[in-house]
Amino acid sequence: KPTFTWTPTSGATSYNLQVSKSSTFSPLVINKTVTAPTYIHTLNLTAGTSYYWRVRVNGAFGPGMWSVTFSFTTP
């Protein structure tokens with residue numbers, strides 16, 4: 001049950017978080033819109049698997065650019 005955390009952005013109204021087993025983000029394992037700069041996934045991810053994740057901010061001028069891609073491997 002991973003916790004995703006990122007730096008808050010001034011003026012953000014929400015954030016889009018995407019997680020995938022593929023660096024191309026297709027298909028998505030998690031696709032959430034959250035209001036805080038953190039998200040705690042409620043289900044366990046597959047053990048011994050590499051995942052990729054990215055986030056973008058939403059604000060008064062629409063969605064921003066996707067962040068750099070981060071990765072991790074579950075134990």
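These are my notebook entries on a predicted model.

**Entry 1: strand β2**

I began with strand β2, residues 14–20. How many of its residues are buried? I found 7 of 7 buried, so I logged the strand as mostly covered. Side chains in a regular strand alternate between the two faces of the sheet.

Next I looked up the pairing. β2 runs antiparallel to β5, with 7 bridges between them. Y15 has V57 as its bridge partner in β5. β2 is also joined to strand β3, residues 28–34, by 6 bridges. That pairing is antiparallel too. S20 has L28 as its bridge partner in β3.

**Entry 2: R54**

I then moved to β5, residues 50–59, where R54 lies. Is R54 buried or exposed? Its relative accessibility is 18%, and the cut-off for buried is under 20%, so R54 counts as buried.

What does the R54 side chain meet? It makes a polar contact with the side chain of Q18, at 2.7 Å.

R54 lies over the face of F25, 4.0 Å from the ring centre. The charged end of R54 also sits over the ring of W66, at 4.3 Å from its centre. Beyond four places in sequence, R54 touches N16, L17, Q18, F25, W66, S67 and V68.

**Entry 3: aromatic pairs**

I counted 6 aromatic pairs. One of them is W6 with Y15, whose ring centres are 5.5 Å apart. Their planes stand at 65°, and over 60 counts as edge-to-face, so I logged the pair as edge-to-face. Both W6 and Y15 are buried.

Which residues do the ring pairs link into a cluster? I listed F4, W6, Y15, Y51, W53, F70 and F72.

**Entry 4: T69**

Last I looked up T69. Where is T69 found? It is in the loop between β6 (62–63) and β7 (70–73).

Leaving aside neighbours within four places in sequence, T69 is in contact with F25, Y52 and W53. F25 is also touched by R54, and W53 belongs to the aromatic cluster.

Terms used:
Residues are numbered from 1 along each chain as its sequence is written. This is a predicted model: local features need pLDDT of at least 70, side-chain atom pairs count only at pLDDT 80 or more; totals for chains, interfaces and linings use all residues. Side-chain values use heavy atoms; hydrogens and water are left out. Helices (H or I, at least four residues) and strands (E, at least two) are DSSP runs, numbered from the N terminus. Buried means under 20% relative accessible area, exposed over 50%, partly exposed in between (1.4 Å probe, protein chains only). A polar contact is a pair of N or O atoms within 3.5 Å; within protein, one must be able to donate a hydrogen and the other to accept it, and residues adjacent in sequence count only if both atoms are side-chain atoms. Contact means heavy atoms within 4.5 Å. Rings of Phe, Tyr and Trp (its six-membered ring) pair if their centres lie within 6.5 Å; planes under 30 degrees apart count as stacked, over 60 as edge-to-face and the rest as tilted. A charge sits over a ring if NZ of Lys or CZ of Arg is within 6 Å of the ring centre and within 35 degrees of the ring normal. Two strands pair if DSSP finds at least two bridges between them.
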